[in-house]
Amino acid sequence: MFVFHNSMNYFYSHILKPIFFRLNPEFVHERMTTLGVFLGRWKITRILIRALFHYDHPALEQDLFGLHFKNPVGLSAGFDYNIQLPRIIESVGFGFMSGGTVTFSSYEGNPKPRLARLPKSRSLLVNKGFKSLGVEKVLEQLVFSEEKDFHLGISIGATNSPFVCDPEGQVEDILKSFRFLMNHPKGKRFSYYELNISCPNVAGSGVLAEPEILDRLLKGIREIIGNRVLFVKFQAEIEWEEARELVAIMVHHNVDAITVANLVKKRDNLAFEREEIENINERGWKGNFSGKPVEQFSNELISNIYREFGDQIKIIGVGGIFSAEDAYEKIKRGASLVQLITGMIFKGPQLIGNINKELVELLEADGYEQLTDAIGVYHRE
């Protein structure tokens, strides 16, 4: 199989990517979503894709939150925002995915352009602003994966609207989404629920990261969903003292995992190639950034959260994963699972199988029999 992966690496890097990167990124995303829906519709195409891309190994398996994960690599929220792709995402090799972010009411998205590539910085400018069909329509068209060990979660955020951008409006809007989910047969089938409090591209951004607001929101969510598995997606650019207070609130409300971290805002980030960020600034493009500029913030937060709260809450590492080494760094810092989007866009869908295969090799080289042996090892040493 990995003869194919090596060929696919070359084919994507030298043929497909140069074509894709000459086209409008949102156009490419929409076409790839349409293709993914088509390929996921048929069992024969799912089997073929799985045979070509999937990599399984017992060393990667773990049990978390009462769920069995075949591997630790997930698709982050922000790619499949109307949850159309679970079947093909599983076939490509992901162990789990967060669909959305989904909002209670529909939103067409922020004004275009709302996606741009920064190839030298290995980053994407993102300004979708919770583009969503709304929770009702998302559930109407949702088709779950047939694989029992592939876990689909739904990311929920507040509708991007000036009418709900204040604290009371955002809290009630989110609680309405959770109530709708719990009253819908499909809404109860998700493996986990992810609360997105950290998207910087929406009206009222930052409101939900106020301690008293987060406390009230999590209390309300727990009253609605009971003991179902709950994650919270965390911001990247935050001082540790502030982050510690928010994490303590999450622990108090039995949040199962923190997804670390969301997009970065600051454009003086040293991970940027200056000519790229200056070009973005000159064009006046709005939005915030994924990929490598998130990596340092994410890694430091993972370490801090694990050191202080590692026995009370799990961590899902996001930001700058382009290789198995990148994923392994987050795992050794304390992440039990990882998620990505930008790395797949830059390196192709075969990246998922490559990461899983090479993670096994890295574990073996360090003398670990299971991935769980490596979680947080930096802090044990």
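Which helix supplies the largest share of the nonpolar patch? In this predicted model, the contribution comes from helix H1, spanning residues 2-20, which provides three residues, the largest share of that patch. The patch as a whole is made by Phe11, Ile15, Ile19, Leu23 and Phe27, and covers about 420 Å² of the surface. Leu23 is placed in the loop that lies between H1 and helix H2 (25-41), and this residue counts as partly exposed because its relative accessibility is 37%, a value falling between the 20% limit for buried residues and the 50% limit for exposed ones.

Asp215 has its place in helix H7, and, because its relative accessibility is 32%, Asp215 counts as partly exposed.

Helix H13, which runs over residues 351-365 and has 15 residues, reaches 20 Å from its first C-alpha to its last, a span close to the 21 Å expected at 1.5 Å a residue. The buried residues of H13 are Leu351, Ile352, Gly353, Asn354, Ile355 and Asn356, together with Leu359, Val360 and Leu363. Just after H13, a positive phi of about 80 degrees is taken by Gly367.

Methods: Residues are numbered from 1 along each chain as its sequence is written. This is a predicted model: local features need pLDDT of at least 70, side-chain atom pairs count only at pLDDT 80 or more; totals for chains, interfaces and linings use all residues. Side-chain values use heavy atoms; hydrogens and water are left out. Helices (H or I, at least four residues) and strands (E, at least two) are DSSP runs, numbered from the N terminus. Buried means under 20% relative accessible area, exposed over 50%, partly exposed in between (1.4 Å probe, protein chains only). The expected span of a helix is 1.5 Å times one less than its number of residues. Patches are made of residues with over 30% relative accessible area and no salt bridge: like charges are joined within 9 Å, nonpolar side chains (Val, Leu, Ile, Met, Phe, Trp, Tyr) within 5 Å. Accessible areas come from the Shrake-Rupley method with a 1.4 Å probe; for residues, only the protein chains shown count as cover. A salt bridge is a side-chain nitrogen of Lys or Arg within 4 Å of a carboxyl oxygen of Asp or Glu.
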